[in-house]
Amino acid sequence: MSVKINFPTPSARPGDIPDFSNYKFPDPGVLSVPPLEMTAEESREYANSLIRVLDKEGNAVGPWSDYLGEEGLEDALLQGLRDMLQMRAIDARMLNAQRQGKTTFYLQCTGEEAIGCAFQKQLHPGDMNFPTYRQQSLLVASGYPLKSLFGQYYQNENDPLSGRQLPTLHSAKDYGFFTISGNLGTQYVQAVGWAMAAALTGTDNISAAWIGDGATASNDYHSAMVTAAVYKPPVILNVVNNQWAISSFSGIAGGSASTFASRGVGYGIPSIRVDGNDFLAVMAATKWATKRTRGGFGPVVIEWVTYRVAAHSTSDDASAYRPKEEAEAWPLGDPVERLKQHLINRGKWSEARHKQGVAEIMDEVITAQKESEALGTFLNPQYLSPSAIFEGVYEEMPEHLKRQRQDMGA
């Protein structure tokens, strides 16, 4: 008898019928809200199940719904729907812009809007996200100016980074958005270190690390988890499990063997697993997690279960490795449609208002996009001053750089 190794394979490939029969999701409302001081051992149920609030009819049910309370909730939900619609409009417009050659690269977060839009609203000024390139929704929900957002995509004079980063790799310290690294594991290491510094310097700020399911296989992820387990800094360790890491499915990163949340339990970190397409579940779980970390109870892992509707990037052809109909078959539905139905059930929204809202938000996005395009795109570049390459690194420019700038005549 020869020895063997395992080659994980997805449940369906192009031409097959999408198959999510191996996903076992509990009914909404079955999980209680744990105490903030919950230990890793006590979190096993939360790491292997799924926190859900909205049922199939769009009604909010269970203890996590009660945890949200009612004061200010409807206004927050209406704003959340608006943020998600704006994010979706930006995605659609930037995909077209890239296809038209106006920018070189773009990554959509379509289908994952609820995670960033709901999470951001629970943070305080001074907290810091260490995001991936698919969390533009954090910026949208924080009120980041559209002119800066589009300026970065087109790398014109409105780009806060002056063209020093790839499009979509934003950086906005004042909005709690740390510089994105293309190597995603580094975000985990830096977020843990930042949280340790926050604790050592006596602030009450927390950090949020972001990573995809695929990048949990990186060395940096494991280094950060060990450090977080030992020193227990105030950090929320997010894993966005959107089922696909470029062309490899989540099983390649270990998702077939266990949940990504349960991996946190193995490190001794309390962990929960949440329906990332359920806006209310994301709100409630983030409210609990931020209270826990800010309250001195140490780190927490959150696995957000969602589905990457779009291709990995504008350089990717998702039809080459997964069924075309797979996104529509995703059993947890679409986050925008689910929140819309919930607000209709509450009597705070309607199909007519939704149609009007979509149109108004798209008009706002198109107006901001065109204003930005007038300042230059990849098709019509308007170059920045050469002196810009000397700026933005040192607070006090060293003498040798001053001489180089003078030699350039800039």
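Domain bounds in this report come from an automatic or database domain assignment. By that assignment, the protein chain is divided into domain 1 (41–379) and domain 2 (385–409). The centres of domain 1 and domain 2, taken over C-alpha atoms, are separated by 37 Å.

The model is predicted: local features need pLDDT of at least 70, side-chain atom pairs count only at pLDDT 80 or more, and totals for chains, interfaces and linings use all residues. Residues are numbered from 1 along each chain as its sequence is written, and side-chain values use heavy atoms, with hydrogens and water left out.

**Pockets and cavity**

Empty space is found by rolling a probe the size of a water molecule over the atoms. On a 1 Å grid over the protein atoms alone, a cavity is a set of points where a 1.4 Å probe fits but cannot get out, whereas a pocket is an open set with protein on both sides within 12 Å along at least five of seven lines; lining residues have an atom within 4 Å of a point. Grid points are joined across faces, edges and corners, and a volume is the space filled by probe spheres set on the points. In the lining counts, Ala, Val, Leu, Ile, Met, Phe, Trp, Tyr, Cys and Pro are nonpolar, Asp, Glu, Lys and Arg are charged, and the others, Gly among them, are polar.

| Space | Volume | Lining residues by class |
|---|---|---|
| Largest pocket | About 460 Å³ | seven nonpolar, eleven polar, four charged |
| Second largest pocket | About 340 Å³ | nine nonpolar, ten polar, two charged |
| Largest cavity | About 40 Å³ | three nonpolar, three polar, two charged |

The largest pocket has a volume of about 460 Å³. Of its 22 lining residues, N22, Y23, Q243, S250 and G255 are the closest to the centre. Q243 is found in the loop between β3 (235–241) and β4 (244–245); helices (H or I, at least four residues) and strands (E, at least two) are DSSP runs, numbered from the N terminus. Although Q243 is not a glycine, its phi is positive, at about 80°. Q243 counts as buried, at 3% relative accessibility, where buried means under 20% relative accessible area, exposed over 50%, and partly exposed in between (1.4 Å probe, protein chains only).

The second largest pocket holds about 340 Å³ of space. Among the 21 residues that line the second largest pocket, Y154, Q155, N156, G163 and Y383 are the closest to its centre. Each of domain 1 and domain 2 contributes at least three residues to this lining.

A search of the whole structure finds one cavity of 30 Å³ or more. Its lining consists of E112, I115, G116, R134, Q135, S137, W210 and V240.

**The loop between α6 and α7**

E157 lies in the loop between α6 (146–154) and α7, and E157 is exposed, with a relative accessible area of 56%. S162 is found in the loop between α6 and α7. S162 is partly exposed at 30% relative accessibility and has a positive phi of about 50° although it is not a glycine.

**Aromatic contacts**

The structure holds 18 aromatic pairs. Rings of Phe, Tyr and Trp (its six-membered ring) pair if their centres lie within 6.5 Å; planes under 30 degrees apart count as stacked, over 60 as edge-to-face and the rest as tilted. Ring pairs link F20, Y23, F25, Y307 and W330 into a cluster.
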